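I opened this notebook to record what I looked up in the structure. The entries follow in the order in which I made them.

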Amino acid sequence: MPEGKLCNKQPVTTKEQLDALLADTRGRVYYEEMKSLEVDKEKLRNSLKASLKSRTKTWLEMCAHCGLCADSCFLYTVNGRDPKQVPAYKIQSTLGEIVKRNGDVDNEFMLMAMETAWSKCTCCNRCGMYCPYGIDMGIMFGYLRGLLFSQGFVPWELKIGSGMHRIFHAQMDVTTEDWVETCEWMAEENGEEWPGLEIPVDKEDADIMYTCNAREPKHYPEDLAEAAILFHLAGENWTVPAEGWEQTSLTMFAGDWEGCKQQVLNVYSAIERLRPKRVIGTECGHAHRGTVVEGPYWAGRPDGQPPAPYIHYVEWIAEALRTGKIKVDPAKRIKEPVTLQDSCNYVRNHGLAMVTREIMSYMVEPGYFIEMTPNKEHNYCCGGGGGFNGVGMYRAQRNVALRKKRDQILATGCKLVIAPCHNCWDAIRDLEEEYKIGIRWSFLKPLLIKMAIVPDHLKPKEDEE
Amino acid sequence: MYEFITGPLLWVVFAAFLGGLAYRVVWYVKGLHWQLDRVAYSAFPADGAKGAVRSIFFWLVPFGTRSWRIKPGFTAIFFGFHIGAVLVPLFLTGHAVLLHERFGINWPSIPQGLADWLTAAAIVSLVLIGLRRISLPEVRIVTSWYDWLLIVLAGLPFVTGFVAVMHWGDYQFWIIAHILTGELLLVSIPFTKLYHVVGFFLTRAQLGMDFGIKRGGRKGRNMPW
């Protein structure tokens, strides 16, 4: 069974394998090897037998082929209504065929299925809301990704991402030392402006344990500082774990289910170790989906709940504003037309639509908040979800996908877009870069810090003099 | 002939129809898997039930969901067909009489005039559903011979029954054709994707539970279908 040195059916579990993949610029060798990667049909058949149950089987068999899902899919509408972008067609021609042929598919088929699974679906789950039978093709694409991953047909960046999680328990090579140092550095760096600012590591029995996205310590440490400042302002008793702080799951995008489980168990064991009253995750959509919504199932928790109450950052902000833990200076509220991006992963898939709107009611001068159309659960994917942002090979397709969000934003007339999700934030930044429509975009944290009223006892001493 | 196909054969047909559908339901429910489906079905029965009921209800109501509202033409022909397809076979006076004669069951019925109109609407809607299949590229690409077979299977009992009732031809021929195509349809339902007569409720309930339990229902947000 020919397998490549870089492209093969084994997940990346050692630093050497990871470095070899990283050294292969843009995955040139990796994708070349993939062209001759054989399909292990026996393994594929066994996977189907073990994991394809009545729900998914029925979805595939019973689809009435009515085409009602077509218009629900932004990739269909932005690609000139190409019939090959109809969700039902995309899933029937890939997973549907694998099931029909009971795994008897070849390399060429798998290459096509890979392209479909990662460049023609962002797993936004919008189609599931528009199908009369409730057939959720996003879920099926997630399942298909799992089958493809187990056969080695996965985009290079996501093979790396999965390897990062398996080796570093983080989507990037951030070690425990790096993380703890970044926490100390950020607390110190901002200590002058915010006397008494702390980022307590591994504090037991705190009220809050905070988890984040590895790119925060790696590339945007100020995000971590902002989280600390807001907890400080609100007077929260909080901590971060030294191990188990990374909330994201590129393994989920990659279809690496075993890796998903390892990642989420790492976070859950931190919860069990530190016994916080509750856990709060950063402004990230897929991290929340991975760790709070889907994670309990990967970890084998029959009640589908994490070990402690685990909320999204927007829920905490809404609560802090509602209870007055953080007060907004009315004079500093946003006084320009502003719109809000609904992240699929916690709005459509976790019911938090009204939470972000409650936040807007505190942060935006009445009359200036403008909804996109459609919005809330019916909102469209940013264009870069499900790993789409990160796959170089599909960059051209991703850029086309951004047009839906571009047009939605343009229709609001707003120049400021609030995007409380890393993936959406990236996609909106990229769409500005690509289409230059003159917009700014932001997470909630920096905006809120700018408008929050700082109580006197938290101000730097020189202010008092 | 008439005695046989409305007597013993009908028994066999009903047995296959009901038995087949019962098997479908049991197979589906038994195949649900909390971990693979990633829905804690039994941990939150009340949230699940609420989600399931909402998910079924709004989709049963014409224009009850956003998906129905943004496609008014399709919604009209969809319900145009389904209302007749459900009500007429179940509550036609002729069927009630037959049930009484053969099985001694007293069965309610709807006025004949209403039944005629519903049947006509169902036939016209089915033709339009077929035309939609041909004319829209996004529907054509997912259409196969199987979909056409099902349209024919579903349409025949209505066309033959309508012709018989209207006395447009040899009544004996059309009524026999109607009974046989009707029985063929009943037998086909559990063995083709027409099992959606129960499957619709199962899959809608499942997704409703998914949203009710896991994806937002427990956050106090009902899925706005």
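I listed the buried residues of α4(B), and they are Gly48(B), Gly51(B), Ala52(B), Arg54(B), Ser55(B), Ile56(B) and Trp59(B); buried means under 20% relative accessible area with a 1.4 Å probe, protein chains only. The model is predicted: local features need pLDDT of at least 70, side-chain atom pairs count only at pLDDT 80 or more, and totals for chains, interfaces and linings use all residues. Residues are numbered from 1 along each chain as its sequence is written, chains are lettered from A in the order in which they are written, and side-chain values use heavy atoms, with hydrogens and water left out.

I then looked up the partners of these buried residues: they pack against α8 (127-130) of chain A and against α5, α6 (72-91) and α12 of chain B. Helices are DSSP runs (H or I, at least four residues), numbered from the N terminus.

I checked the length of α4 (residues 45-60) of chain B: at 1.5 Å a residue its 16 residues should span 22 Å, and its end C-alpha atoms are 22 Å apart, which agrees. The expected span is 1.5 Å times one less than the number of residues.

Next I turned to the two chains. Contact (heavy atoms within 4.5 Å) joins 49 residues of chain B to 59 residues of chain A. I found nine salt bridges between chain B and chain A, each a side-chain nitrogen of Lys or Arg within 4 Å of a carboxyl oxygen of Asp or Glu. One salt bridge pairs Asp136(A) with Arg215(B), with the closest N and O atoms 2.8 Å apart.

Note on methods
Helices (H or I, at least four residues) and strands (E, at least two) are DSSP runs, numbered from the N terminus. Buried means under 20% relative accessible area, exposed over 50%, partly exposed in between (1.4 Å probe, protein chains only).
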